[in-house]
Amino acid sequence: MALSNSDLRKRRSYLDAAGSSSLRSTLIKILILGLVNAVAVFFGFIFFLQQNWGFLIGLILLVLVVNFVYFHPRLVPAKYLVPGLILLVFFQLYVVVFSGYIAFTNYGSAHNGSREDAITAIKQSAYIPLEAGPYYYLSLARDGNGDLTFLMAETETGKTYAGSNQRPLTEVSLEVDEFGNPIASGEFTAVSPEESNTIQEEIIGLRVPVPDKPQNFIATSDALTAQMFEYDLVFDEAAQTFTRNSDGVVFAPAQDGFFRSTTTDERLPTGWRVEVGLKNFETIFLDETLRPPLLKIITWTFIFSIGSVVSTFILGLALALLMNDSRIKGQKLYRGLIILPYAFPVFLSAYVWRGLFDTDNGFINMGLLGGAEVPWLETETLARIAVLIVNLWLGFPYMFLISTGALQAIPGELIESAKIDGASVWQQFSLVKLPLLLVSLAPLLIASFAFNFNNFTLIYLLTGGGPSSGDARLLVDPGGTDILITFVYKIAFASSDGRDYGLASAFSILIFVLIGTLSWLSFRRTKALEEINA
Amino acid sequence: MSSVVMNQNKKSAWRRFKDVGWKHLVAWFAIGVAIFPILYILSASFVEDGGIGEAALFSSFTLANYVELFQDPSRPFGLWYWNTVYISMITAIVSVFISATAAFAFSRLRFNGRRAGLMALLLIQMFPSILGLVAVYGILATLGKTIPILGLNSHWGLILAYLGGALGAGTYLIYGFFNTIPKELDEAAKIDGATHSQIYFGIILRLSGPILAVMVLLNFIGTSSDFILASIALNDAEKLTLATGLRAFVSDPYSKDWSLFGAGAILAALPIVILFLFLQKYIVSGLTGGAVKG
């Protein structure tokens with residue numbers, strides 16, 4: 001049959017844009033895009049006001065791409081992929097790239113921001129009280145804007161002042177009470193004792209700047225008196241160095257992102273983020289202090305993940321073989337009950353088992369072992385056994401499910417012919433069923449290994465990586481049941497002042513390469529790829 | 001029962017035990033192991049004094065814990081429940097929709113990079129989210145400085161972070177379902193002049209409605225059980241989800257309250273367990289889809 005030109009065009013145009021859209025769908029499209037653009041303009045305006053140019057440029061690019069794709073008459077695949085891709089770019093690609101970048105920096109709580117941020121923080125970090133005064137009697141008040149304000153009467157001269165974070169010390173005329181503390185009047189309203197109890201941190205943290213003396217500020221430690229302080233570290237803009245007034249030590253910026261003393265070993269606590277090249281990877285592979293605990297953790301990670309896969313698979317498969325018998329009455333009920341642990345949310349199971357294993361009050365010691373005091377989660381070996389038991393409980397229903405599925409997929413004729421050839425039950429299993437099962441389940445077993453390799457939730461919630469090793473040489477305590485991923489989490493998030501995102505990211509990259517390679521190898525063996533290639 | 005039948009039963013009793021009976025015994029033992037921790041926490045939720053030192057299960061019974069759970073303003077269990085439900089529901093619906101949309105492109109349209117895209121999806125699925133934790137934390141912190149509602153300690157920031165993994169989570173599975181819908185259907189619609197969006201919304205989405213609903217529920221189960229992302233994203237007691245909030249009952253050694261935790265755990269787990277058992281066959285087919293076929 002001959003096709004006219006216009007027919008052909010119609011056909012081709014389907015794959016790209018298809019025929020004529022209905023009025024309704026066009027309207028809906030315009031409405032949704034209009035909404036998206038309106039929201040974008042709103043945020044764009046906020047970014048503009050905050051002078052956040054990076055975000056603004058990103059937003060403009062995003063809006064351009066979205067409008068271009070959806071108003072373009074063709075580009076049909078893009079119309080369906082763009083929503084997911086945008087999220088993917090920000091939360092997966094960016095995450096991978098960002099993790100990759102910070103692995104080569106010293107980003108962490110000691111190196112949190114830029115050098116400017118560090119300088120500001122350092123300036124305010126060290127100060128000494130001026131012994132010679134002046135000292136003030138203090139009352140707390142709020143000014144017309146509602147800001148917490150110090151009302152002060154100088155002890156020597158009796159002059160009265162007001163000051164807050166925003167308001168440098170200014171002289172105001174105020175009455176004082178019989179103790180010498182100023183009485184709030186005019187624009188100021190006194191802060192009640194009850195209120196001051198609830199805002200103690202704000203009171204202690206308030207620093208009143210002193211006009212013409214940028215090195216000085218007034219603060220209080222008891223909310224009744226205030227005194228003048230002097231910042232101890234002075235920054236020299238021209239030389240880019242800090243000088244400590246009290247002893248004259250000079251701190252200069254060093255390669256590693258710290259201000260280091262030019263004469264002693266000392267450094268200032270706050271640093272800034274710098275690129276450190278391969279240093280984090282050198283730490284992982286070469287650091288002598290880190291190596292023994294790291295090797296121990298890696299060994300345990302493999303024992304844990306392989307042990308979990310093997311134990312859950314054996315138990316799950318055994319149960320599946322047993323239950324795969326149509327003569328068993330109530331088969332369905334049995335199956336439903338057996339998979340309950342898999343249905344129970346893991347975060348709850350982990351807590352429940354923590355309670356069960358409790359040394360003093362846990363049901364395992366009290367109920368099952370008749371009052372024994374086995375320190376389940378308190379010694380390394382027992383804690384490891386406990387973790388493996390819990391993971392066996394958590395994991396065998398999954399293996400039971402997939403083994404049952406795979407068993408039912410084995411053609412009955414194969415088993416029949418094996419029987420006819422005189423194979424024993426064991427031979428039927430080991431020579432026919434098991435090889436077939438392993439072929440179909442191998443990718444899932446590898447996936448299960450990869451999952452357990454990074455089974456953060458279980459370890460973190462059950463033992464928190466503990467028991468503690470007591471090894472104080474590292475910033476992070478390498479616990480007895482810590483697997484690699486919980487150890488990395490500790491490096492990144494555990495303490496508030498020892499966080500090392502750079503080192504944690506370097507670890508993350510190595511784990512990803514390992515797991516990615518494994519997954520890649522297993523995917524190559526699965527049907528999935530054949531389907532794509534078809 | 002007549003004596004003749006009794007006699008026959010006796011004769012074959014041992015034989016029947018050898019055939020099937022022992023399997024019942026083993027099955028009941030396995031079930032005992034499987035449900036004993038769950039029975040334990042159920043029993044703990046009925047204990048009055050809040051300790052875990054009960055040597056026998058179900059030795060006392062009170063519903064006081066279930067009532068008390070909703071009365072402590074510093075540990076607002078009711079709020080946690082609601083937070084978990086709506087965060088997980090929004091995440092589940094939006095992410096399945098996004099995945100389905102992308103899956104439609106992979107299943108029905110032909111474009112450059114289609115195969116590479118599918119491969120990439122398979123690999124992304126394997127990327128453990130915890131490895132990107134530092135970066136996700138950084139993104140939320142930065143976003144929050146400009147748009148507080150999308151930052152740390154905000155539900156919408158957390159939802160955004162969950163949606164970030166949407167494409168990896170279900171696209172490949174849905175792509176498989178879409179491939180089973182006969183292409184002749186959309187060919188026919190095409191000839192009648194249907195646009196691609198009419199085919200997607202009118203045919204593909206409608207025909208796969210039930211399976212997409214199942215995907216939403218599975219995604220809901222997964223999201224509501226998440227601990228990791230929620231624990232870095234949320235701080236305030238009234239913002240927490242069940243997974244992060246219930247920790248308060250068991251982590252602090254001085255205020256441990258196992259009875260309250262038990263009651264909370266039972267209430268938290270109940271809908272998830274029911275959903276799970278209800279969706280069992282889809283979970284199995286979804287998990288083994290590619291594997292058992294070959």
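In strand β13 of chain A, the residue A:F259 is the bridge partner of A:P253. The structure is a predicted model, in which local features need pLDDT of at least 70 and side-chain atom pairs count only at pLDDT 80 or more, while totals for chains, interfaces and linings use all residues. Residues are numbered from 1 along each chain as its sequence is written, chains are lettered from A and ligands numbered from 1 in the order in which they are written, and side-chain values use heavy atoms, with hydrogens and water left out.

Strand β12 (residues 250-253) of chain A is joined to β13(A) by three bridges, and the two run antiparallel. Helices (H or I, at least four residues) and strands (E, at least two) are DSSP runs, numbered from the N terminus, and two strands pair if DSSP finds at least two bridges between them. Both strands belong to an open sheet of four, ordered β10-β11-β12-β13 in chain A, with antiparallel pairing. At the edges lie β10 (233-236) and β13 (259-261) of chain A, each of which pairs on one side only. From one strand to the next, the twist averages 30°. Across β10, β11 (241-244), β12 and β13 of chain A lies helix α5 (residues 115-125) of chain A, running at about 145° to β10(A). Such angles run from 0 to 180 degrees between N-to-C directions, and axes are lines fitted to C-alpha atoms, for helices over the stretch in contact.

Chain B, in turn, has 15 helices and zero strands. Of its 294 residues, 52% count as buried (under 20% relative accessible area; exposed means over 50%, and partly exposed in between, with a 1.4 Å probe and protein chains only).

The two chains meet where helix α18 (residues 484-494) of chain A comes within 11 Å of helix α5 (residues 133-146) of chain B, axis to axis, with a crossing angle of roughly 30°. The two helices are therefore roughly parallel, a term for angles under 35 degrees. A:Y489, A:A492 and A:F493 of α18(A) make the contact with B:L133, B:V134 and B:Y137 of α5(B), where contact means heavy atoms within 4.5 Å. Six of these residues are nonpolar, with no polar and no charged ones; Ala, Val, Leu, Ile, Met, Phe, Trp, Tyr, Cys and Pro count as nonpolar, Asp, Glu, Lys and Arg as charged, and the others, Gly among them, as polar.

One more residue is worth a look. B:L160 lies in helix α6 (residues 155-164) of chain B and is partly exposed, with a relative accessible area of 23%. Leaving aside neighbours within four places in sequence, B:L160 is in contact with A:L87, A:F91, B:L143 and B:L150.

Key:
Parallel < 35°, antiparallel > 145°, perpendicular 65-115°, else oblique.
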